[in-house]
Amino acid sequence: MGQKVRNPESIRDLTSEELQGVLSGVGASAGKALPQRVKIVEVGPRDGLQNEKTLVPTEVKIHLIDMLSEAGLPVIEATSFVSPEWVPQMADQVEVMKGINRRPGVSYPVLTPNLKGFQAAVKAGAAEVAIFGAASELFSKKNINCSVDESLQRFEEVTKAAKEAGVRVRGYVSCVLGCPYEGQVSPDKVAQVAKRLYSMGCYEISLGDTIGVGTPGGMAELLEAVSREVPVDALAVHCHDTYGQALANILIALQMGISVVDSSVAGLGGCPYAQGASGNVATEDVVYMLHGLGIQTGVDLPKLMDAGAFICRSLNRKTSSKVAQATCKL
Amino acid sequence: MGNFPTTVKHCLSYEELIQDYPWLARWLQEEKEMVPTGVKIQLIDMLSETGLSVIEATSFVSSKWVPQMADHTEVLQAIHRSSHVRYPVLTPNMHGFQDAVAAGATEVAVFGSASETFSRKNINCSIDESILRFEEVICTAKQRQIPVRGYVSCALGCPYEGPIESTKVAEVVKRLYELGCYEVSLGDTIGVGTPGSMAKMLHSVKKEVPSSALAVHCHDTYGQALANILTALQMGICTVDSSVAGLGGCPYAQGASGNVSTEDVLYMLHGMGIKTGVDLSKVIEAGDFICKALNRKTNSKVAQARGDYSVHCHMKKINT
């Protein structure tokens with residue numbers, strides 16, 4: 001009927017048997033069971049604020065964390081025990097740790113790049129810490145001035161001390177779906193780094209798409225490789241939304257058995273590698289999707305949005321959350 | 001990889017900036033900027049060079065309701081029509097259809113709704129009455145061998161009624177398909193859908209109409225569009241509507257985003273190894289052009305990220 005430009009590769013030209021062949025294969029499908037519950041790890045107060053241009057007063061950080069605790073988030077990354085010489089935004093680390101109202105049942109991990117940072121963290125009352133590895137050699141060198149192996153050796157000191165102190169350690173692997181310097185990153189390399197972190201005692205490994213270049217295809221491939229080395233229950237995804245792919249990547253991850261997702265209230269934290277581009281995925285948008293899927297998170301979305309509105313006012317910036325943008329206007 | 005179609009056809013809905021709703025036109029009349037005809041033509045011509053196979057060019061709604069589309073005839077006659085591209089136009093009724101054909105249209109589109117309230121508020125009649133109106137258009141189009149595409153709005157939720165029963169969506173889609181629409185595009189008009197509601201809706205609709213005759217038209221108002229499109233792909237849909245630079249806000253939430261950006265959709269599809277035949281960098285250029293002409297920022301995250309070429313030149317190797 002009428003003129004149609006027929007694309008010979010169009011899927012419409014296939015017979016139903018051929019179509020089935022095309023659609024078959026390993027990987028996620030819409031019919032696969034999703035987790036009933038997802039744990040959200042809120043990284044706004046640390047990862048988010050660390051990457052914002054504006055420095056935020058200590059009391060604002062404390063209030064933000066308290067609001068996030070009230071919103072039902074089970075894990076809130078509170079601050080970082082990196083030297084203030086490198087990360088001045090986190091110079092008030094001790095004050096923040098001591099000032100927050102710790103809600104029972106909520107975990108407040110802090111970053112500790114080395115043993116010194118770990119000791120300072122424990123002294124300030126930290127009950128959980130996090131260490132950051134990279135799947136890219138160049139990124140490791142440029143970011144923390146040492147190779148991936150050297151960084152892992154450094155972290156082993158931390159995990160040993162943490163075990164003795166009864167402190168839990170979460171591991172992060174950055175550049176899992178691409179590196180701003182190296183480009184493509186091999187899933188097997190990510191798997192190796194994740195495996196080492198897990199073997200040294202990290203209870204959970206968060207896989208970070210640091211520059212947000214990943215797409216669902218790459219995410220599925222990555223998770224297949226990593227879950228061969230680390231149980232899927234011990235994995236989390238930390239997706240950046242720089243290319244708008246975060247929710248799609250998170251969805252695929254859920255379909256592959258992941259039930260821990262990192263995100264940042266109001267999408268705080270731009271991408272340091274692409275000025276003006278977005279970074280972290282917004283917690284509000286993630287929660288909206290999860291609740292729409294019938295997945296429990298324990299998070300009260302309106303309260304979360306209040307926290308987002310508060311921090312955006314303090315930073316004098318617009319929210320990066322689309323849910324927040326839409327909801328306040330309707 | 002995985003459970004996805006190998007190719008996806010793209011229906012670029014450039015003119016989603018302007019929808020076929022009179023009240024929307026009144027809102028837009030307050031907008032300071034009218035897009036000059038020359039700019040529209042240039043945009044369409046640029047898009048024709050990108051590899052897109054369908055570009056919705058204009059709308060034959062009365063210019064009384066949608067003044068921004070008053071130049072519909074001029075646009076349709078001036079664009080350079082690539083032999084690889086189809087240029088459907090909106091036609092709300094017989095009058096619009098006749099004007100469209102007189103202006104040289106070779107494909108048209110009709111807009112139905114899955115929500116009674118939305119239908120009444122926007123085109124002043126019930127769903128049934130609107131379909132009777134379209135029946136006239138579709139019959140006449142059939143006789144003239146002009147393909148008709150159907151749209152169903154509010155497929156995942158209505159600004160007035162809230163959630164919409166998936167069986168109701170399926171019923172309207174089925175009617176349009178049986179009347180003779182070769183394809184029906186399912187619109188998440190206010191972007192409230194999530195992969196859960198998308199899967200449920202498609203499950204109902206697929207019982208009535210084959211997947212090959214379905215498309216999804218997702219709005220990104222709540223940031224859910226790509227996840228919803230991914231779900232649709234997993235369920236066998238291989239036609240996706242989108243808008244270059246994410247043009248077209250949401251008329252129900254001022255300041256909020258509307259259409260999903262073509263650039264972001266392409267980035268995802270190409271990253272998954274799905275063929276579209278479209279050159280992403282050319283689409284980014286077209287988006288850049290229209291944003292400059294409209295004096296606004298792009299809504300495409302890919303375009304925003306790619307803006308910093310020096311750092312992201314590596315990234316072009318990963319996903320182009």
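**Exercise 1. The two chains**

What percentage of the contacts in chain B with a separation of 6 or more is accounted for by residues 24 or more positions apart? Work this out, and then describe chain A in the corresponding terms.

*Solution.* The structure is a predicted model, in which local features need pLDDT of at least 70 and side-chain atom pairs count only at pLDDT 80 or more, while totals for chains, interfaces and linings use all residues. Residues are numbered from 1 along each chain as its sequence is written, chains are lettered from A and ligands numbered from 1 in the order in which they are written, and side-chain values use heavy atoms, with hydrogens and water left out.

Step 1. A contact means heavy atoms within 4.5 Å. In chain B, residues 24 or more positions apart account for 76% of the contacts with a separation of 6 or more; in chain A, of the contacts between residues at least 6 apart in sequence, 75% join residues at least 24 apart.

Step 2. Helices (H or I, at least four residues) and strands (E, at least two) are DSSP runs, numbered from the N terminus. Chain B has 14 helices and nine strands, and chain A has 13 helices and nine strands.

Step 3. Buried means under 20% relative accessible area, exposed over 50%, and partly exposed in between, with a 1.4 Å probe and protein chains only. Of the 320 residues of chain B, 66% count as buried, and of the 330 residues of chain A, 58% do.

**Exercise 2. Positive phi values**

Which values of phi do B:C154 and B:A245 have?

*Solution.* Step 1. Most residues other than glycine have a negative phi.

Step 1. B:C154, which is not a glycine, has a positive phi of about 60°, and phi of B:A245 is also positive, near 60°.

Step 2. B:C154 is found in the loop between β6 (148-153) and α7 (166-179) of chain B, and this residue counts as buried because its relative accessibility is 0%.

**Exercise 3. The largest cavity**

How many residues line the largest cavity, and which of them lie nearest its centre?

*Solution.* Step 1. A cavity is a set of points, on a 1 Å grid over the protein atoms alone, where a 1.4 Å probe fits but cannot get out, and its lining residues have an atom within 4 Å of a point.

Step 1. The largest cavity is lined by 22 residues, of which A:D241, A:G244, B:D220, B:G223 and B:K301 lie nearest its centre.

Step 2. Helix α10 (residues 246-255) of chain A gives the largest share of this lining, three residues.

Conventions: On a 1 Å grid over the protein atoms alone, a cavity is a set of points where a 1.4 Å probe fits but cannot get out, and a pocket is an open set with protein on both sides within 12 Å along at least five of seven lines; lining residues have an atom within 4 Å of a point.
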